[in-house]
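Subject: Structure handover

Hi,

Here is the structure we talked about, with the sequence alongside. My notes on what turned up follow below.

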Amino acid sequence: MKGKVWLVGAGPGDMGLMTLKGREVLSQADVVVYDALVSGGVLGLIPEGAKLVFAGKRSGNHFLRQEETNKVLLEEALAGKRVVRLKGGDPFVFGRGGEELELLVEHGVPFEIVPGVTSAFAVPAYNGIPVTHRDFCSSVHIITGHRRADHSYDIDFDALVRTKGTLVFLMGIAALPDLMNGLLAAGMDPEMPAAVLERGTTSKQRRVSATVGTLERVCSERVIQTPAIIVVGKVCGLADTFGWAEKRPLAGVRALVTRPKELVSTLANLLREKGAEVLELPAICTVPVNDMADVDAAIERLSKGGYDWLVFTSPSGVSIFFDRLIALHDLRALNGVKLAAIGQGTQKALLKYGLRADFLPSVYDGETLGRELRSVCVPGSRVLIPRAAIGNHELIEELEKGEGFEITDVATYDTEYATSDVIDERGEIERGDIDFAVFTSASTVRGFAAAVPDVDYSRVNAVCIGKQTAAEARKRGMRTWVAEKATLEALVKAVEEAARETMGNQE
Ligand code: SAH
């Protein structure tokens, strides 16, 4: 059986700029061959279990030679695999997309091209630079500043100057002096606005504005981070008026979110809406405990009216408990028991079964749940708590203060820790590239620590959903911020506050 190859543009960085088709194809991939320019956000979309091949291609740092990459694509496709060749920006804009197809065509391997959003247009857009504007120019040109070893530039500077269009140079940073001199020698006005746009559409994007005459000097005074493009043209002058990305509340923030695998990334999306770049680590997943005997016994007793209260401390607890209950009985086994949920997420999970919690605490944490529930339970209440094998103590300690309470704390699920194959969490932290790690539970902190052991956690700024989560983070030496309420919205607010404090972001 022959497989197939999809040449997919990953866009310039912001994962939201990957096309729907690209995402769809990626979600079905057996093998993903990706470049250094593909952003962490997009890499996070690679399905679990897909084979990963890094074809790192940043100049000077070739991991796979072009011919080797071509061969990998061919071999995997011939083995019947669905192969996604993921490339930064658009695969046909200075992406050697054409070269990678030749061998496939030779062997009759089917392929498709999924175009991407090219950095040549998206990076100016994220800097408030429209590449064309009727008042200033009538064309835009994309030029490579890269030249093959021992070759001179194949650029007709006279022609470029004559077009009066906007010029966008890719791969041009090393050649910046030559490019500007070439334009000046061809008669370009030295006062013509020009800009270097670094790491566009990511949280670390930066703009260096100057003119064709001064750009080289201005750039020599600072370290230019790559990837970067050079834009020449009057439209560069609009950046100050139209610049927008840096004005978002979470501009410049690169956040790490660890989330239970099975949950959709609402939190990541809320953060992205405010302008943050988010890396998602599938740090924890919950699985039913191996031995369900205790859970089964509790369900049996419940079905005979043996409990007054059934208490849930997480959405996973709800789904795993009810899956089992329905496998053994049906919902009538609840037998009129009263339900308590630690917070809204857990309440939502109950609603999926058509059940509403009789009790929610005023603050969504274990201690408050225990204390407040104690005051609504009558003396001698029998309380069943199906929850994580390593649940926190506060809830139980508070409940135990109740008069004659009988508490059954039954281990229902285990938390397993996963690591990412594509995201180098350790490197990200050690380089200081992560501004905030955002935690939604103490177990996500533990999951993170298990995934990234032995790093200097004092470098990690942790924004936490509640006190217990923060305590877990502090225990490891992280600097912490705590959300005012245990909701995702409040957590995002806490990230904004932390960004104002540490990065000087605007209100
Ligand atoms: N196919 C890609 C371009 C590959 S050539 C595309 O369509 O975008 C690599 C060059 O693209 C880099 O040297 C840099 O000039 C530019 N580039 C890619 N991503 C960029 C980004 N996020 N910010 C600035 N420049 C970028």
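Domain 1 and domain 2 bury about 770 Å² between them, and carbon and sulfur atoms account for 69% of that. Buried area here is the accessible area (1.4 Å probe) that two parts lose on being put together, summed over both. On the side of domain 1 that touches domain 2 there are five nonpolar residues, one polar and two charged; Ala, Val, Leu, Ile, Met, Phe, Trp, Tyr, Cys and Pro count as nonpolar, Asp, Glu, Lys and Arg as charged, and the others, Gly among them, as polar.

Please keep in mind that this is a predicted model: local features need pLDDT of at least 70, side-chain atom pairs count only at pLDDT 80 or more, and totals for chains, interfaces and linings use all residues. Residues are numbered from 1 along each chain as its sequence is written, and side-chain values use heavy atoms, with hydrogens and water left out.

Back to the two domains. Domain 1 covers 4-116 and domain 2 covers 121-245, with bounds from an automatic or database domain assignment. Their centres, taken over C-alpha atoms, are 28 Å apart. Domain 1 brings eight residues to the contact and domain 2 brings 13 residues, where contact means heavy atoms within 4.5 Å.

Now for the ligand. It has 18 residues around it, and D90, V93, T118, S119 and A228 come nearest (near means that a heavy atom of the residue lies within 4 Å). A ligand nitrogen atom is 2.8 Å from a polar backbone atom of D90, and one is 2.8 Å from a polar backbone atom of G200.

Best wishes

Definitions and conventions. A polar contact is a pair of N or O atoms within 3.5 Å; within protein, one must be able to donate a hydrogen and the other to accept it, and residues adjacent in sequence count only if both atoms are side-chain atoms.
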